[in-house]
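User: I would like to go through some helices and a few backbone angles in this model. Could you take me through them?

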Amino acid sequence: MGNSKKIKIKNKNISIIGMGETGQGAALLAKKLGANVLISDSNKITEKMFNQKARNMGIEVETGGHTNKIYNSDLWILSPGIPSNINIIKNAIDQGIKIVSEIEFASWFTSKPIVGVTGSNGKTTTVNIINSILIESNLEPILAGNMGFAFSRAISNDLFECDKNRVYILELSSFQLENIASFKPFISILLNITPDHQDRYSSMEKYLKAKMKISMNQDKDCHLLYNSDDKMLVKNCKNLNAKKTTFGLENNDQNIIKSDGFSIYNDQKKLISTDTIILKGRHNLSNILAAATAAKILNVNDESIANALSKVSGIEHRLEKVSTIDGVTYYNDSKATNIESVIAAIESFTEPIILILGGEDKNSNFNLLMPFIGNNIKKIVSYGKARNKISIALRDAVELNKVFSLRDAVEECKKSAASGDIILLSPGCASFDQFKNYEHRGNEFKKIVNDAVYA
């Protein structure tokens, strides 16, 4: 069911561009397989523990810029944050160097089944639900990919001794899929497609093309699971080769797993009542249907699915309840980096919301929030690089204040909050103007809120 190509890389020269988690994982795996490894990053990174471990293993490390050593290479492994249009990539292509993603590279060294999950929203929640269900079964899942644990690191850990029931569950961004060649999941899941990363993709078509690459190598022995409520996916999945299965809340006639809003069913058999599921929100019900359908494809029994769904809770930084102070409840939705995620967050509450938007703009259209402001948005506070753009788009529709920092934003929200209100960080932007990543932003928000408890 897997994709092991048994590619020999012993004594090959491999350059790894980017020293984040994916770069580090790829470097360790490549060295373990006997390659000559150089890992290079343009930033002056102070990953002292990794640097020391890498050098002890004989991995060459360079930071603060790329030297010409990177071109003395048989293969490049590219970290997902690096766009394909920069000069060093063009130079490598001109020199005939093969370039692959870390996901592609890791997939060469396993024959175990892979469940790959992509989409604009809901990826992290869905992979976590699948993982919880498989833990309840007789399978041995490993969760990796875009959620913070490199696929290469997982493969490296399993290289010489792997559980016979191993299943890899991968959260996959469009960036990670750009440079795949033979990557072939046993199950590919396409959750939804909405505008995102418009700072990287010049058109919706190019963004969609990157997402659809998850299915490019699938054949009749593989499964493609897609959202039947998403017209764009229905159109683009129609003529693909894999065994096609759907999930959805509206167009569910062909679904294995269905819901009427009150219960979830496998065929006509009731699996679980939705009121016993901790995860709330219509968007999460769709994610649950996708996860449960994937589990059925993997022959997981109904009891294991129901047991897992009754226990699985939300993930950190996704509608995460932080604290209630003086009757005001704070929610951390830092992972909401696009407009659709913000809309999903807004629609999860009926209480008055004071909404924190901002960060680094991804060329998003904040006007898309207009139809949802009249419902229960009491006030918006915009911060960071995108604060002016957000203000221009929304200030005529709702009370709106601009501030510089996230701490300033929380303080501004507190001035207007009354008992029963929700203060919601759902930024709709990337975090890189003031933070390392969305996790850093979410943790800082929680610290600011919790500091107020003890102030």
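This is a predicted model: local features need pLDDT of at least 70, side-chain atom pairs count only at pLDDT 80 or more; totals for chains, interfaces and linings use all residues.

User: Which residues of helix α2 are buried?
Analyst: In helix α2 (residues 48–57), the buried residues are Phe50, Asn51 and Ala54. They lie on the same side of α2, because they cover an arc of only 100° around the axis. Buried means under 20% relative accessible area, exposed over 50%, and partly exposed in between (1.4 Å probe, protein chains only). The arc is that of the directions from the helix axis to the C-beta atoms. Helices (H or I, at least four residues) and strands (E, at least two) are DSSP runs, numbered from the N terminus.

User: What do the buried residues of α2 pack against?
Analyst: Their partners are α1 (21–32), β2 (36–41) and β3 (60–63), where contact means heavy atoms within 4.5 Å. The face turned away from the buried side of α2 carries the exposed residues Lys48, Met49 and Asn56. Just after α2, Gly58 has a positive phi of about 90°.

User: Turning to α5, at what angle does it pack with α11?
Analyst: α5 and helix α11 (residues 302–311) pack at about 130°, with their axes 8 Å apart. That makes α5 oblique to α11; angles under 35 degrees count as roughly parallel, over 145 as roughly antiparallel, 65 to 115 as roughly perpendicular and the rest as oblique. Axes are lines fitted to C-alpha atoms, for helices over the stretch in contact, and angles run from 0 to 180 degrees between N-to-C directions.

User: Which residues meet there?
Analyst: From α5, Ile129, Ser132, Ile133 and Glu136 meet Ser304, Ile305, Asn307, Ala308, Leu309 and Lys311 of α11.

User: Where is Asn299, and what is its phi?
Analyst: Asn299 is in the loop between α10 and α11, and its phi is near 65°, a positive value in a residue other than glycine. Asn299 is exposed, with a relative accessible area of 70%.

User: And His317, buried or exposed?
Analyst: His317 is buried, at 3% relative accessibility. His317 is found in the loop between α11 and β15 (320–325), and has a positive phi of about 75° although it is not a glycine.

Technical notes. Residues are numbered from 1 along each chain as its sequence is written. Side-chain values use heavy atoms; hydrogens and water are left out.
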